[in-house]
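Okay, thanks for coming, everyone.

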Amino acid sequence: MVPAHGGRAAAPVYRPILASRRGELEALSHLEPGYAALVAPVLEVNAIERSMMDAMRRFPPGLLPAVDVSALPDLPEAELGRWGVPVVPVIRLAESDHRLVAHGAAARACGRRALIRLRAGQDRAGPDASTTAVERIWRFTDLAPEECDLLVDAGDVCCPADVRTAEARIRHLLDWARRHAWRSVTVAAGGMPPTLSRLPTDEPVQLERWDWLLWRRLADAGVDYGDYGVHPAGPATGDPGDRLPTVRYTDDDSWWVYRWARRGGRGDDRFADLCRTLVSAPHWPTTGAAFSWGDHELLRRARRGAGAGSTANWAAWSTSHHLAHVLATLVHPAVDGAPRWHPGQGPPQRGRPLR
């Protein structure tokens with residue numbers, strides 16, 4: 001096989017894996033236009049709804065999502081080429097022949113682009129079997145390796161032991177990936193606990209971003225960064241009746257989880273109290289690239305109590321800040337105290353390529 005090369009395009013630098021729920025889609029639609037080409041969201045679709053299509057049409061120019069329909073039956077409505085929305089197909093190793101052909105048609109319609117998603121925990125075949133699987137994908141989709149991005153999905157990493165185990169497994173997969181001329185290689189993981197209902201309420205709770213730590217440990221491999229936003233990689237297992245106002249707020253190496261249960265007064269007042277506590281915290285960004293549409297909405301409620309919102313709103317505002325914070329961290333490293341890149345100046349150069 002042709003070895004991987006270093007002449008890849010400069011963007012994107014961030015691939016969040018997000019559910020195609022209203023909150024996550026709304027956060028993407030409010031993404032800073034200067035960042036749109038730098039983020040390539042991977043949307044997991046469990047049902048095809050008109051509201052989802054409408055939300056995707058409101059994405060800023062330059063934002064091209066990848067769509068994973070592996071959870072859907074192999075039916076015509078799941079064929080991405082029929083959607084009328086520009087998307088990149090997400091391909092898993094065990095897709096049917098029919099779906100591979102349909103994904104190939106969708107990929108050719110959007111500039112010959114596809115993303116192959118390799119799950120580190122489930123796709124445990126050896127290097128030769130993995131090569132056989134991706135060669136089958138290229139054959140049925142009529143794509144070349146350099147037209148495909150590789151996403152190595154580590155799943156949940158929720159403690160130091162998970163990080164160590166995932167790092168060893170992913171390094172093994174990256175050794176295999178070097179056999180092929182991928183368009184790009186991204187490592188993604190999810191570090192948010194599957195349930196928050198046991199956390200204390202009415203005070204900020206700090207949680208480690210184990211997914212971010214895993215990627216930093218892999219910095220020498222030169223891979224791009226992906227995560228699951230502010231939600232767990234697997235299905236949430238919290239109390240379905242737990243609808244307390246909740247904001248998951250991203251900081252450099254951790255999340256701050258705000259769950260507010262204070263009684264007395266209206267629900268709007270309770271959420272305004274949550275927001276006032278957040279905007280007075282040291283991790284609140286007063287200015288700069290990490291200040292997002294979601295931060296603006298939280299600040300409005302801290303100042304004027306403009307409604308408590310819903311679970312979808314809380315997800316939207318939390319995700320909006322998370323996207324902005326991650327992008328600012330990836331493309332705004334300070335040089336002598338000043339950022340080296342701002343939206344509108346063109347994409348930054350990526351890190352060391354996978355060799």
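**A walk through the fold**

Let's start at Leu150, which touches Ile116, Leu118, Trp176, Ala177, Trp182, Ser184, Val185 and Thr186, leaving out residues up to four places away in sequence. When I say touch or contact, I mean heavy atoms within 4.5 Å.

Before I go on, this is a predicted model, where local features need pLDDT of at least 70 and side-chain atom pairs count only at pLDDT 80 or more, while totals for chains, interfaces and linings use all residues. Residues are numbered from 1 along each chain as its sequence is written, and side-chain values use heavy atoms, with hydrogens and water left out.

The overall picture, then. The protein has 9 helices and 13 strands; these are DSSP runs numbered from the N terminus, helices being H or I of at least four residues and strands E of at least two. Of the 355 residues, 54% are buried, and buried means under 20% relative accessible area, with exposed over 50% and partly exposed in between, using a 1.4 Å probe and protein chains only. If you take contacts with a separation of 6 or more, 76% of them are between residues 24 or more positions apart.

Now the inside. In soluble globular proteins, nonpolar side chains tend to be buried together. The largest nonpolar core here has 72 residues, and Leu150 is among those with the most contacts inside it, along with Tyr14, Ile116, Ile170, Trp182, Leu214 and Leu330. By core I mean a set of buried Ala, Val, Leu, Ile, Met, Phe, Trp, Tyr and Cys residues joined through side-chain atoms within 4.5 Å. Helix α5, residues 160–177, gives the largest share of this core, 7 residues. There's also a second, separate core of 19 residues, including Trp256 and Trp317.

Is Asp153 buried or exposed? At 4% relative accessibility, Asp153 counts as buried. Asp153 lies in strand β6, residues 148–156. Beyond four places in sequence, its contacts include Ile17, Arg117, Arg119 and Tyr228.

On to strand β1, residues 14–19, where 5 of the 6 residues are buried. β1 runs parallel to β9, residues 224–227, with 3 bridges between them, and Tyr14 has Tyr225 as its bridge partner there. β1 also pairs in the parallel sense with β2, residues 42–44, again over 3 bridges, where Ala19 partners Glu44. For pairing, DSSP has to find at least two bridges between the strands.

Next, an open sheet of 3 strands, in the order β8-β11-β10 with antiparallel pairing. β8 (205–208) and β10 (246–250) are at the edges with a single partner strand each, so one side of each has no neighbour in the sheet. The twist averages 25° from one strand to the next. β10 and β11, residues 254–259, share 5 bridges, and Val247 is partnered by Tyr258 in β11. Helix α9, residues 311–331, packs on this sheet, touching β10 and β11, and its direction makes about 0° with that of β10.

Last one: helix α1, residues 22–29, packs against α9 at an angle of about 40°, with the axes 7 Å apart. Axes are lines fitted to C-alpha atoms, for helices over the stretch in contact, and angles run from 0 to 180 degrees between N-to-C directions. That makes α1 oblique to α9, since angles under 35 degrees count as roughly parallel, over 145 as roughly antiparallel, 65 to 115 as roughly perpendicular and the rest as oblique. Among the residues meeting there are Arg22 and Leu28 from α1, and Asn313 and Leu323 from α9.
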